Amino acid sequence: MSKALVISLYVLALDVPLLLVLGTILGWVFSRKKFVGREILLILVLLPVALPPSVLGLYLLLFFGQVPFLQPLGLLFSFPGAALAALIPSLPIMVQASRSGLASVPEHLEEAARTLGDGHWRVFWRVSLPLSRRSLVAGIALAAARALGDFGLTLMIAGNIPGRTQTLPLYIYSQIEALEFGKANVAAVLLIAVGIASLALVKRMEKGRHERLL
Amino acid sequence: MSAYFEASLRHRIGNFDLDVELALEREIGVLFGPSAAGKSLTLRLIAGLAHPQNGTVRLGRRLLLETPGGPVLPAHKRKIGLVHQDLSLFPHLTVLENVAYGVRGEKQAVGVWVKKMHLTGVEDRYPHQLSGGQQQRVALARALAPEPELLLLDEPFSALDGPLKRSLRRELKDLQRDTGIPVLYVTHQIEDVCALGSTVFLLREGRVVQSFPVEKLWQAGSQVSTWPALGWGTLIQGEVVRRAGGTWLSWAGGSLELPVGSADEGPAVAFVPPQEVKVLYPDLPVDPQLAVNVIEGRIVERYLIGHTCTLYIDAVGLHWHIEYPADSYTDLELEEGGLVRMSVRPAAVALLKPQDMGETGGGRK
Amino acid sequence: MQLSCKNTTGSLYWADSVMMRKILIPLLSILLFFAQFPVRSDTVAVAGGLFPCVSELADLYNDRVGESPGLVVGSSGKLASQIAAGAPFGLFISANLEWLHYLEEKGLVGEIVAFASSPLVLWWSRDRRPGPNVFRGPVRVAIVDPALGPFGSTARRYLENLETYAALLKEKRLIVTSTALQSALAAKSGAADLAFTSMSVAKKIAADFRSPGSAVVIPGYDLVHAGALIHDRSSAAIEAFWEYLRSEEAEAVWQRWGFTLEPGE
């Protein structure tokens, strides 16, 4: 059980920063920029939410297995694969949250920042990001929870290999298959505890210096 | 000789055509006109928040914009300060942080500005904790602290009450004199024109129909040629007199009562906004406020655009311009050539006097 | 005038907080430094129904030899697809001969050895055993999806031979689940009255839950379990484990779980 716990924690430690950075940047791109192929890219990013995990897993299995230059990446049946599997269905959640959060920042504030000498990146960093903090925090909380609890996709592309890719949810599944309900229950409680701890951590980070915005 | 700041902008959005030429020295220029005339759009184009289809913007020796074909400097490189109507103060930053926002490197200037704008003591407050006047000052300080080469103001004081507005206008004039930064001030209120500007640009439906030094408003006879060109509101040159216990504006063709004690005797110019003139129904009782200034005249021109009906009326020696919603006065069957009775509340007559102007900022010499 | 122009660049204030600086960053660095996930090349893929027994055998083997291969559990189809996609499994054990043959056709596995059998079990939560006429009544029956593998298809064959399958289907009294465990739980929870399940599951429920119910073995409908080593991914350790699973020492454990070890194909 401890190995599964460690693996789940590592997946979280790797994926949460990735979700934050990638999800926020993608959210900003989709909220403000218009470019060719935008709608298609948006659909691609959001697709994992709509597809059943087994289906998604099967296609990814084939994709990574058959496409020649992706094979040596060693993404299948490995820890990076488990991290990727947890990231894919959680990313849409983060992108949606950051997209709506960033879009709700009044444009005239961003324009004011531009007249005060800030280029687009500085405006994003100094105005858009702080003002959409609530949405981003809510988004990362939800996305992290999703990453922690991922099952079907991880099972398919990373496998259920104890000590390597068996996360806590997969461990619970294995214990049930082994008819070891006692162990499964303990692991389930552990999973819930990790989930609550992450939420509490996120909540702590949300309490910045400024309690009242807008 | 070319002016310090020059802008020539041509831009089309849907049915709206903007074609504007502006030139400004180190002074306050007032861009005056009714709403939807294109004033805010002009500011946005100058600031670089939008790009015109055709245009040139030159500030000092720098060419900020030339399309097609030339450079297009993005907003953050233009060194143009902009104060928007809603002030756009950053709600997540304190007063001090707001003011310091555009200042790179040396932060000493920030303290100077806090003092100059009388914000000492509230530096650590957040915008929502400030009064209206304080917020205005923060917005001004923030725009000026980075030492821009041009300041654009989009009706910044419109939401404030009289005394506060007047004091802020005075402060703005002082600031402009101190810093020497050219200021372009957009407004639809006539009092701002006289109180602030040294050069007036009249903007109507996307075009600068007139531009002149503000002193011309007082010169006898000039307004007759100037104001109808704008086609908006009614400008009256006359004299304030006291009689029968009341205060009146009097001119060759007639007189209007003003609020009691509102002005000292002497030459004056007054402006009546087109929405403030009310047409009177012949047989209905008249609102007491409107009873004093009843005027009779003849409709010279009438037309309807969208939801607004416009009337030009010759009365009491003046050419009146009034506007009202299209669904008003439908029973009256107002037609060109017909007679009409109208009135204006004493308080709605915006009185402007040379004394109001104080010193005109900067000036072209 | 002394100015404290802190954060006038508006940096992310939460990055300033003590939490971040003193705790999280060092923690993350330490974690990342020690991140070592041993690459195990010896893993055995076991399809669901066999897993409880093989797990126990693996523990015993571990006690005896000092180390045993890791076990991966899953449904036969998923495991086979993963093997075809390159999963690092050295041995595949399953009741689903179709999937084993699928891998054989792809040339991925060696000899398929049928080594054990287990009976089809009918279970319900009452104390008396279900009699042969039980299907006549308005009972709901839980079976594993016949399309998923031999468990479900064998149960279906039995019901068809009894000429009740069609009726059950038509009257919507057939509860289709995905594993033998699920079928039993369906019957236990009341969603179904009877369940076709495995001996392992029936025994487990008897041991763990307060109302053990009762089960009856359906003679003549045994399932066959087989395994095959996967080319280039097995090792001496795995082969030794495979031998152990089929040895006499393991026989007692198999029996306890309801399996009969059988030699030959």
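User: How are α4(B) and α5(B) oriented relative to each other, roughly parallel or roughly antiparallel?
Analyst: In this predicted model, helix α4 (residues 132-144) of chain B and helix α5 (residues 162-179) of chain B have axes 11 Å apart and pack at an angle of about 15 degrees. Angles under 35 degrees count as roughly parallel, whereas those over 145 count as roughly antiparallel. The two helices, α4(B) and α5(B), are therefore roughly parallel.

User: Which residues of α5(B) make the contact with α4(B), and what is the handedness of the crossing?
Analyst: The crossing of these two helices, α4(B) and α5(B), is right-handed. On the α4(B) side the contact is made by G133(B), Q136(B) and L144(B), and on the α5(B) side the residues are L164(B), L168(B), L175(B) and T179(B).

User: What radius of gyration does chain B have, and how does it stand against that of a compact globule?
Analyst: The C-alpha trace of chain B spans about 70 × 50 × 40 Å along its principal axes, and its secondary structure comes to 9 helices and 20 strands. For 365 residues a compact globule would have a radius of gyration near 21 Å, and the value for chain B agrees with this, being 22 Å.

User: What percentage of the residues counts as buried in chain B, and what percentage in chain C?
Analyst: Chain B has 365 residues, of which 43% count as buried. Chain C, whose secondary structure comes to 10 helices and 9 strands, has 265 residues, and the share that counts as buried there is 42%.

User: Among contacts in chain C between residues at least 6 apart in sequence, what share joins residues at least 24 apart?
Analyst: In chain B, contacts between residues at least 6 apart in sequence join residues at least 24 apart in 66% of cases. For chain C, with contacts selected by that separation of at least 6, the share joining residues at least 24 apart is 75%.

User: Is V45(A) buried or exposed?
Analyst: V45(A) lies in helix α2 (residues 38-50) of chain A, and beyond its neighbours within four places in sequence it is in contact with L26(A), L91(A), P92(A) and V95(A). A residue needs 20 or more other C-beta atoms within 10 Å to be buried. Because V45(A) has 20 C-beta neighbours inside 10 Å, it counts as buried.

User: At what angle do α2(A) and α4(A) pack, and which residues of α2(A) make the contact?
Analyst: The axes of α2(A) and α4(A) are 8 Å apart, and the angle between them is about 120 degrees, with α2(A) passing α4(A) in a left-handed crossing. From α4(A) the contact involves I88(A), P89(A), L91(A), P92(A) and V95(A), while from α2(A) it involves V45(A), L46(A), P48(A) and V49(A).

User: Is E249(C) buried or exposed, and what distance separates its C-alpha atom from that of L57(C)?
Analyst: E249(C) lies in helix α10 (residues 248-256) of chain C. Because it has 12 C-beta neighbours inside 10 Å, E249(C) counts as exposed. Although E249(C) and L57(C) are 192 residues apart along the chain, their C-alpha atoms are separated by 9.7 Å.

Notes: Residues numbered from 1 in each chain as written. Chains lettered and ligands numbered in written order. Predicted model: local features only at pLDDT ≥ 70, side-chain atom pairs only at ≥ 80, totals over all residues. Helix = DSSP H or I, 4+ residues; strand = E, 2+ residues; numbered from the N terminus. Rg over C-alpha atoms; globule rule 2.2 N^0.38 Å. Contact = placed C-beta atoms within 7 Å. Axes fitted to C-alpha atoms, helices over the stretch in contact; angles between N-to-C directions. Parallel < 35°, antiparallel > 145°, perpendicular 65-115°, else oblique. Left-handed = near helix turned anticlockwise from the far one by under 90°.
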